[in-house]
Amino acid sequence: GWGHAGAFAPACACSFSTFGSIHFWSRVFESYGRTARWARFFQRREINHYRALEGIEGIPRLRRVYGIHAFVLDFVDGEPLKRRLAEADPERFARALDDLERVVAALHARRFCHLDLHQKLNALVTAEGRVWLIDLGQGLDFTRGWLRRPPFGPGGRGAPHACAPRS
């Protein structure tokens, strides 16, 4: 995803300027043609995912939506879950992995798959070793749309293997 840390930048789409301190997440696209329609679709989708997962500790709270271009999440002061963290502080890294498992289990309990955890910038680790997941736009909500019908929804075999809760 595209983001901007700090103030709103209406004229451009920027890369993260600081890791782990993304306060204002902004999607700014061309305001014409097919690109703008897809941008609005993905923006609404990500906002809906944050709303559906509200209350899970480890998912920043959606604070405010600014039209179709931007939304504000709770501030998370952390750093990406990367190998560098494991080398610098193995104990904190181990706590973070345990917490990541808890957060992912909470997502799966709500029938949601993140689908973008391979991108290490999407898992932020605080100084205490707590994990916060961001960038929910790629995820799948198995309680909405065609995914709630069999074989994934009620009466079906459940979610695909990658999203199935552990027994």
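Close-up 1. Arg95 is partly exposed, with a relative accessible area of 35%. Here buried means under 20% relative accessible area, exposed over 50%, and partly exposed in between (1.4 Å probe, protein chains only). The side chain of Arg95 meets that of Glu91 in a salt bridge (3.2 Å, N to O). A salt bridge is a side-chain nitrogen of Lys or Arg within 4 Å of a carboxyl oxygen of Asp or Glu. Both residues lie in helix α3, 4 residues apart, about one turn of the helix. Glu91 counts as exposed, at 57% relative accessibility. Helices (H or I, at least four residues) and strands (E, at least two) are DSSP runs, numbered from the N terminus. The model is predicted: local features need pLDDT of at least 70, side-chain atom pairs count only at pLDDT 80 or more, and totals for chains, interfaces and linings use all residues. Residues are numbered from 1 along each chain as its sequence is written, and side-chain values use heavy atoms, with hydrogens and water left out.

**Close-up 2. The salt bridge of Glu57 and Arg130.** The whole structure holds 6 salt bridges. In the one between Glu57 and Arg130, the closest N and O atoms are 3.1 Å apart. This pair links distant parts of the chain, 73 residues apart. Glu57 sits in the loop between α1 and β2 (62-66), and Arg130 in the loop between β6 and β7. Glu57 is partly exposed at 46%. Arg130 is partly exposed too, at 31%. A network of salt bridges links Glu57, Asp99, Arg102 and Arg130.

**Close-up 3. Arg63 and Asp74.** These two residues form a salt bridge, with the closest N and O atoms 2.4 Å apart. Arg63 lies in strand β2 and Asp74 in the loop between β3 and β4, so the pair ties together parts that are 11 residues apart in sequence. Arg63 is partly exposed, with a relative accessible area of 48%. Asp74 is also partly exposed, at 23%.

Close-up 4. Three strands form an open sheet in the order β4-β6-β7, with antiparallel pairing. Two strands pair if DSSP finds at least two bridges between them. The edge strands, β4 (79-80) and β7 (131-133), each pair on one side only. Strand β6 (residues 123-125) is joined to β7 by 3 bridges. Leu124 has Trp132 of β7 as its bridge partner. Helix α3 (residues 90-109) lies across β4, β6 and β7, at about 45 degrees to β7. Axes are lines fitted to C-alpha atoms, for helices over the stretch in contact (heavy atoms within 4.5 Å). Angles run from 0 to 180 degrees between N-to-C directions.

**Close-up 5. The largest nonpolar core.** This core has 24 residues. A nonpolar core is a set of buried Ala, Val, Leu, Ile, Met, Phe, Trp, Tyr and Cys residues joined through side-chain atoms within 4.5 Å. Tyr50, Leu53, Ile59, Leu81, Leu107, Val131 and Leu133 touch the most other members. At least two core residues come from each of α1 (33-52), β3 (70-73), α3, β6 and β7. The largest share, 5 residues, comes from α3. Leu53 touches Ile59, Leu107, Arg110, Phe112 and Leu136, not counting residues up to four places away in sequence.

**Close-up 6. Asp116 in its loop.** Asp116 lies in the loop between β5 (112-113) and β6. Asp116 is buried, with a relative accessible area of 10%. Asp116 touches Asn122, Asp135 and Gln138, not counting residues up to four places away in sequence.
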